[in-house]
Amino acid sequence: MSQTKPIVSSYNEWDPLEEVIVGTMEGASVPPWHVTLKATMPENHWDFYKKNGGKLFPAEQIKAAQLELDNLAHILEQEGVIVRRPDPVDFNRPYSTPDWKSEGGLYSAMPRDVLLVIGENIIEAPMPWRSRHHEVNSFRPLIKEYFNKGAKWSAAPKPQLLDELYDYNYQEGSGNDPVNYVINDFEPVFDAADFTKCGKDIFVLKSHVTNDAGIKWLQQHIGDDYTIHKIDCNDRHPMHIDTTFVPLAPGKLLIHPDRMNKIPEMFKSWDIMKAPAPVMPDSQVLYMSSKWLTMNTFMIDSERILVEKNEKPTIEALKKFGMKPIPCSFYNFNTFGGGFHCATLDIRRTGELKSYF
């Protein structure tokens, strides 16, 4: 008798993809101003958050980004992948706990931030932004469906997000000084997008949204089958690993040309590609990120890779690196702080747990 195939199963970033969640821009709201935005968002947009927090993003920008997401979903389906989408949620509503109030939420655009799939486990991340406290709700119908079909479903302890977690006197710092993180270890918090999987080895970026307590919680939760390694990153605004350190396939690593202080010794036998400089025009609005979202690619298998169609230098470099780029327009989605990896969550890939080192 053959064993039933698990509904959720993903051990790395490159095994052949069978099912994926793609986000939605519907109901996207500007997050209310908070010190966590000061530490991570481009300074030229701080006034935008202060004036518009709790309101919907401009309708024409939402529409343009949604069209690109829908096209991404179509491309993935053409490549033979099952595509699932979250339920639309209106994030333009205030909510509160006994200790704080938020004038609104954010969006359901980035499943990679909210959920972490490790093996047959789907894990809800304890995100530190108060505006993202209930973001997982739009994905809950899908999670419950996977659970009912046998998936292992867990959630990190729901964080209180009290003032004690945050450094309200946060200043960026300069020179060779250590990074001043806007969060401390008051409680475990992390965004799932700060982790990337290479089989038995998982790599993490400690950041303004992921603390040591969160990393410790995840290691203890997933157990001895996996080892989590912190990478050393030269970035004053660290938030999410997938524009800095991107394993593409066994033996192939994509890195930011300036941010990697030290590549982990275990990658010494791998081929390493430094990402070409982005060619995104300066006119492109980027509320939440730099142009290096060009690194935020997504592997369908160990060769097929989704890349922004206008980033010709990156496409050509990836071809020389042995990849098969699939061009797709995504600049309008980039406006909201994510790329292909952010907009997707691989639910099931073929393959099994093993070591690549």
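Ring pairs join W14, F203, F245, F267, W270, Y356 and F357 into a cluster. Rings of Phe, Tyr and Trp (its six-membered ring) pair if their centres lie within 6.5 Å; planes under 30 degrees apart count as stacked, over 60 as edge-to-face and the rest as tilted. The model is predicted: local features need pLDDT of at least 70, side-chain atom pairs count only at pLDDT 80 or more, and totals for chains, interfaces and linings use all residues. Residues are numbered from 1 along each chain as its sequence is written, and side-chain values use heavy atoms, with hydrogens and water left out.

**Aromatic pairs**
- The structure holds 23 aromatic pairs.
- F48 and Y49 have ring centres 5.8 Å apart and planes at 75°, so they form an edge-to-face pair.
- Both F48 and Y49 are buried (under 20% relative accessible area, with exposed over 50% and partly exposed in between; 1.4 Å probe, protein chains only).

**Charges over rings**
- The charged end of K50 sits over the ring of W33, 5.0 Å from its centre (NZ of Lys or CZ of Arg within 6 Å of the ring centre and within 35 degrees of the ring normal).
- K252 lies over the face of F321, at 5.6 Å from the ring centre.

**Nonpolar cores**
- The largest nonpolar core has 41 residues (a core is a set of buried Ala, Val, Leu, Ile, Met, Phe, Trp, Tyr and Cys residues joined through side-chain atoms within 4.5 Å).
- Residues with the most contacts inside this core are M25, F57, L72, L76, Y107, L306 and F333.
- Another core, of 33 residues, lies apart from it and includes V8, I143, V204 and L345.
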